[in-house]
Amino acid sequence: MSSCAALLSLRGVAVATRDGRELLRVDALDLAAGERVAVTGASGSGKSMLLRALAGRVPAGLTLSGERATELTRIGIVPQRGLDALHPLIPLRRQLGLVTRADWAEVGRVLDRVGLDDDALQGRRPAEMSGGQRQRAALALAVLTRARVILADEPTSALDHDTRDQILDLLTAVVEPEQTLVVATHDEAVADALATRRICVSADRLESSDA
Ligand SMILES: Nc1ncnc2c1ncn2[C@@H]1O[C@H](COP(=O)(O)OP(=O)(O)OP(=O)(O)O)[C@@H](O)[C@H]1O
(Lines give C-alpha, C1' and ligand atoms only; values in the text may rest on other atoms or scores of the structure.)
Protein backbone atom coordinates (compact mmCIF):
# COMPACT_ATOMS: atom_id res chain seq x y z
CA MET A 1 0.00 0.00 0.00
CA SER A 2 1.39 3.41 -0.83
CA SER A 3 1.77 5.77 2.07
CA CYS A 4 -0.09 8.57 0.21
CA ALA A 5 -3.29 6.51 0.54
CA ALA A 6 -2.68 5.92 4.22
CA LEU A 7 -4.65 7.59 6.99
CA LEU A 8 -1.88 6.89 9.43
CA SER A 9 1.67 5.64 8.87
CA LEU A 10 4.44 4.50 11.15
CA ARG A 11 8.04 4.33 9.92
CA GLY A 12 10.94 3.12 12.04
CA VAL A 13 8.90 3.56 15.21
CA ALA A 14 10.07 2.19 18.55
CA VAL A 15 8.57 2.18 22.02
CA ALA A 16 11.27 1.81 24.66
CA THR A 17 11.93 2.23 28.33
CA ARG A 18 13.99 5.24 29.36
CA ASP A 19 17.02 2.99 29.82
CA GLY A 20 16.73 1.92 26.17
CA ARG A 21 15.01 -1.48 26.37
CA GLU A 22 12.80 -1.81 23.27
CA LEU A 23 9.25 -3.01 23.89
CA LEU A 24 8.07 -2.66 20.29
CA ARG A 25 9.63 -1.91 16.90
CA VAL A 26 7.62 -1.14 13.77
CA ASP A 27 9.61 -0.82 10.55
CA ALA A 28 6.63 0.22 8.41
CA LEU A 29 2.88 0.19 8.91
CA ASP A 30 0.15 1.99 6.96
CA LEU A 31 -3.52 2.12 7.87
CA ALA A 32 -5.99 2.82 5.08
CA ALA A 33 -9.59 3.96 5.32
CA GLY A 34 -12.12 1.23 6.04
CA GLU A 35 -9.64 -1.43 7.10
CA ARG A 36 -10.55 -3.89 9.85
CA VAL A 37 -7.26 -4.88 11.43
CA ALA A 38 -6.84 -7.53 14.11
CA VAL A 39 -3.63 -7.27 16.13
CA THR A 40 -2.85 -10.65 17.66
CA GLY A 41 0.04 -12.08 19.62
CA ALA A 42 0.90 -13.68 22.94
CA SER A 43 0.46 -11.87 26.22
CA GLY A 44 3.22 -9.30 26.61
CA SER A 45 4.17 -9.38 22.91
CA GLY A 46 3.37 -5.69 22.41
CA LYS A 47 -0.23 -5.45 21.13
CA SER A 48 -1.16 -2.62 23.48
CA MET A 49 2.12 -0.85 22.69
CA LEU A 50 1.28 -0.98 18.99
CA LEU A 51 -2.09 0.65 19.66
CA ARG A 52 -0.39 3.27 21.77
CA ALA A 53 2.16 3.95 19.03
CA LEU A 54 -0.72 4.34 16.56
CA ALA A 55 -2.41 6.74 18.99
CA GLY A 56 0.87 8.62 19.37
CA ARG A 57 0.86 8.37 23.17
CA VAL A 58 2.81 6.05 25.44
CA PRO A 59 2.61 5.73 29.23
CA ALA A 60 4.82 7.86 31.44
CA GLY A 61 8.30 6.37 31.71
CA LEU A 62 8.35 5.12 28.11
CA THR A 63 9.54 6.84 24.94
CA LEU A 64 8.09 6.83 21.43
CA SER A 65 10.59 7.47 18.63
CA GLY A 66 10.51 7.33 14.83
CA GLU A 67 8.07 8.82 12.35
CA ARG A 68 4.31 8.83 12.89
CA ALA A 69 2.56 10.55 10.01
CA THR A 70 -1.13 11.43 10.00
CA GLU A 71 -3.41 14.36 9.36
CA LEU A 72 -5.96 13.04 11.83
CA THR A 73 -6.50 15.16 14.91
CA ARG A 74 -8.81 12.71 16.67
CA ILE A 75 -8.48 8.99 17.21
CA GLY A 76 -11.19 7.00 18.97
CA ILE A 77 -9.96 4.71 21.72
CA VAL A 78 -11.88 1.86 23.32
CA PRO A 79 -9.69 0.75 26.25
CA GLN A 80 -9.52 -2.69 27.87
CA ARG A 81 -11.61 -1.42 30.76
CA GLY A 82 -14.47 0.80 29.65
CA LEU A 83 -14.13 2.89 32.79
CA ASP A 84 -10.67 4.06 31.66
CA ALA A 85 -12.38 6.11 28.93
CA LEU A 86 -15.11 7.55 31.14
CA HIS A 87 -15.49 9.80 34.14
CA PRO A 88 -16.91 7.48 36.80
CA LEU A 89 -19.17 10.05 38.43
CA ILE A 90 -20.77 12.09 35.63
CA PRO A 91 -24.07 10.66 34.38
CA LEU A 92 -23.40 8.89 31.10
CA ARG A 93 -25.59 10.74 28.61
CA ARG A 94 -24.60 14.15 29.96
CA GLN A 95 -20.92 13.15 30.02
CA LEU A 96 -20.85 11.98 26.41
CA GLY A 97 -22.49 15.24 25.32
CA LEU A 98 -20.00 17.33 27.30
CA VAL A 99 -16.98 15.46 25.99
CA THR A 100 -17.94 15.18 22.33
CA ARG A 101 -20.21 18.25 22.02
CA ALA A 102 -22.78 16.04 20.33
CA ASP A 103 -26.29 17.20 21.09
CA TRP A 104 -28.63 15.38 23.48
CA ALA A 105 -30.56 13.63 20.70
CA GLU A 106 -27.42 12.42 18.90
CA VAL A 107 -25.96 11.01 22.13
CA GLY A 108 -29.26 9.25 22.76
CA ARG A 109 -29.25 7.76 19.24
CA VAL A 110 -25.72 6.36 19.60
CA LEU A 111 -26.45 5.00 23.08
CA ASP A 112 -29.52 3.28 21.63
CA ARG A 113 -27.35 1.78 18.89
CA VAL A 114 -24.89 0.31 21.37
CA GLY A 115 -27.74 -1.22 23.33
CA LEU A 116 -27.86 1.29 26.20
CA ASP A 117 -31.36 2.36 25.31
CA ASP A 118 -32.79 2.58 28.78
CA ASP A 119 -33.38 6.17 29.99
CA ALA A 120 -32.53 5.29 33.58
CA LEU A 121 -29.29 3.64 32.49
CA GLN A 122 -28.31 6.62 30.34
CA GLY A 123 -28.75 8.81 33.41
CA ARG A 124 -26.60 6.55 35.57
CA ARG A 125 -22.98 7.20 36.50
CA PRO A 126 -20.43 4.81 34.88
CA ALA A 127 -19.24 3.83 38.38
CA GLU A 128 -22.67 2.24 38.86
CA MET A 129 -22.59 0.20 35.63
CA SER A 130 -21.51 -3.34 34.80
CA GLY A 131 -18.31 -4.10 32.87
CA GLY A 132 -20.26 -4.86 29.70
CA GLN A 133 -22.30 -1.66 30.01
CA ARG A 134 -19.11 0.36 30.45
CA GLN A 135 -17.63 -1.27 27.34
CA ARG A 136 -20.71 -0.26 25.38
CA ALA A 137 -20.48 3.25 26.79
CA ALA A 138 -16.79 3.49 25.80
CA LEU A 139 -17.70 2.33 22.31
CA ALA A 140 -20.46 4.95 22.12
CA LEU A 141 -17.89 7.58 23.14
CA ALA A 142 -15.48 6.48 20.40
CA VAL A 143 -18.29 6.56 17.83
CA LEU A 144 -19.48 10.01 18.95
CA THR A 145 -15.98 11.48 18.48
CA ARG A 146 -16.47 10.67 14.75
CA ALA A 147 -12.83 9.68 14.59
CA ARG A 148 -11.74 8.13 11.31
CA VAL A 149 -9.62 5.60 13.18
CA ILE A 150 -10.87 3.63 16.19
CA LEU A 151 -8.39 1.65 18.28
CA ALA A 152 -9.89 -1.00 20.56
CA ASP A 153 -7.63 -2.76 23.07
CA GLU A 154 -8.98 -6.19 24.01
CA PRO A 155 -12.51 -4.80 24.00
CA THR A 156 -13.98 -8.19 24.91
CA SER A 157 -11.36 -9.57 27.30
CA ALA A 158 -13.30 -9.05 30.52
CA LEU A 159 -16.61 -10.28 29.14
CA ASP A 160 -18.39 -13.61 29.04
CA HIS A 161 -19.01 -15.23 25.64
CA ASP A 162 -22.52 -13.88 25.14
CA THR A 163 -21.51 -10.33 25.97
CA ARG A 164 -18.36 -10.72 23.88
CA ASP A 165 -20.44 -11.70 20.85
CA GLN A 166 -22.76 -8.75 21.46
CA ILE A 167 -19.86 -6.30 21.63
CA LEU A 168 -18.40 -7.83 18.46
CA ASP A 169 -21.71 -7.45 16.67
CA LEU A 170 -21.85 -3.88 17.91
CA LEU A 171 -18.35 -3.08 16.72
CA THR A 172 -19.20 -4.31 13.24
CA ALA A 173 -22.59 -2.59 13.21
CA VAL A 174 -21.60 0.74 14.72
CA VAL A 175 -18.32 1.43 12.94
CA GLU A 176 -18.99 3.13 9.60
CA PRO A 177 -17.60 1.46 6.43
CA GLU A 178 -15.07 4.25 5.86
CA GLN A 179 -13.86 4.23 9.47
CA THR A 180 -10.74 2.22 10.21
CA LEU A 181 -10.92 -0.19 13.12
CA VAL A 182 -7.89 -1.73 14.81
CA VAL A 183 -8.60 -4.33 17.48
CA ALA A 184 -5.93 -5.88 19.70
CA THR A 185 -7.01 -9.32 20.81
CA HIS A 186 -5.62 -12.67 21.89
CA ASP A 187 -8.94 -14.25 20.95
CA GLU A 188 -8.77 -15.91 17.52
CA ALA A 189 -12.58 -15.93 17.28
CA VAL A 190 -12.62 -12.15 17.64
CA ALA A 191 -9.91 -11.78 14.98
CA ASP A 192 -11.74 -14.16 12.61
CA ALA A 193 -15.03 -12.34 13.07
CA LEU A 194 -13.67 -8.86 12.47
CA ALA A 195 -10.53 -8.71 10.46
CA THR A 196 -9.84 -7.96 6.83
CA ARG A 197 -6.17 -7.85 7.75
CA ARG A 198 -4.11 -9.34 10.55
CA ILE A 199 -0.99 -8.12 12.24
CA CYS A 200 0.74 -10.55 14.54
CA VAL A 201 3.12 -9.11 17.12
CA SER A 202 5.82 -11.57 18.06
CA ALA A 203 8.91 -10.82 20.16
CA ASP A 204 8.16 -7.08 19.70
CA ARG A 205 8.11 -7.34 15.85
CA LEU A 206 5.18 -7.24 13.41
CA GLU A 207 4.14 -9.84 10.86
CA SER A 208 1.31 -8.83 8.55
CA SER A 209 -1.14 -10.82 6.46
CA ASP A 210 -4.53 -10.50 4.83
CA ALA A 211 -7.27 -12.23 6.81
N1 LIG B 1 4.98 0.96 31.59
C2 LIG B 1 5.79 -0.04 31.20
N3 LIG B 1 7.11 -0.04 31.52
C4 LIG B 1 7.93 -1.02 31.12
N5 LIG B 1 7.53 -2.09 30.39
C6 LIG B 1 6.23 -2.16 30.07
C7 LIG B 1 5.29 -1.16 30.44
N8 LIG B 1 4.08 -1.50 29.96
C9 LIG B 1 4.25 -2.67 29.33
N10 LIG B 1 5.53 -3.08 29.38
C11 LIG B 1 6.11 -4.28 28.75
O12 LIG B 1 6.01 -4.10 27.33
C13 LIG B 1 5.76 -5.36 26.69
C14 LIG B 1 4.55 -5.23 25.79
O15 LIG B 1 3.41 -4.95 26.59
P16 LIG B 1 1.94 -4.86 26.00
O17 LIG B 1 1.06 -4.34 27.08
O18 LIG B 1 1.98 -4.13 24.72
O19 LIG B 1 1.62 -6.39 25.70
P20 LIG B 1 0.27 -7.05 25.15
O21 LIG B 1 0.65 -7.86 23.95
O22 LIG B 1 -0.77 -6.00 24.97
O23 LIG B 1 -0.09 -8.00 26.38
P24 LIG B 1 -1.51 -8.52 26.94
O25 LIG B 1 -2.09 -9.42 25.89
O26 LIG B 1 -1.11 -9.29 28.17
O27 LIG B 1 -2.36 -7.30 27.23
C28 LIG B 1 5.59 -6.37 27.81
O29 LIG B 1 6.79 -7.08 27.94
C30 LIG B 1 5.33 -5.54 29.04
O31 LIG B 1 5.82 -6.17 30.21
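**Entry 1: the whole protein.** I note at the outset that this is a predicted model. I counted the secondary structure and found 7 helices and 9 strands in the protein. I then looked up the extent of the C-alpha trace, which spans about 50 × 35 × 35 Å along its principal axes.

**Entry 2: the radius of gyration.** I compared the protein with a compact globule. For 211 residues, such a globule would have a radius of gyration near 17 Å, and the protein has 17 Å, so the two agree.

**Entry 3: burial and contacts.** I found that 41% of the 211 residues are buried. I also looked at contacts between residues with a separation of 6 or more; 73% of these join residues 24 or more positions apart.

**Entry 4: the length of H6.** I turned to helix H6, which has 14 residues, 161-174.

Entry 5: Which residues of H6 are buried? I found Arg164, Ile167, Leu168 and Leu171 to be buried. These residues cover an arc of only 100° around the axis, and therefore they lie on the same side of H6. On the face turned away from that buried side, I found the exposed residues Asp162, Asp169 and Ala173.

How values were computed: Residues numbered from 1 in each chain as written. Predicted model: local features only at pLDDT ≥ 70, side-chain atom pairs only at ≥ 80, totals over all residues. Helix = DSSP H or I, 4+ residues; strand = E, 2+ residues; numbered from the N terminus. Expected span 1.5 Å × (residues − 1). Buried ≥ 20, exposed ≤ 12 C-beta atoms within 10 Å, placed from the backbone. Arc of directions from axis to C-beta. Rg over C-alpha atoms; globule rule 2.2 N^0.38 Å. Contact = placed C-beta atoms within 7 Å.
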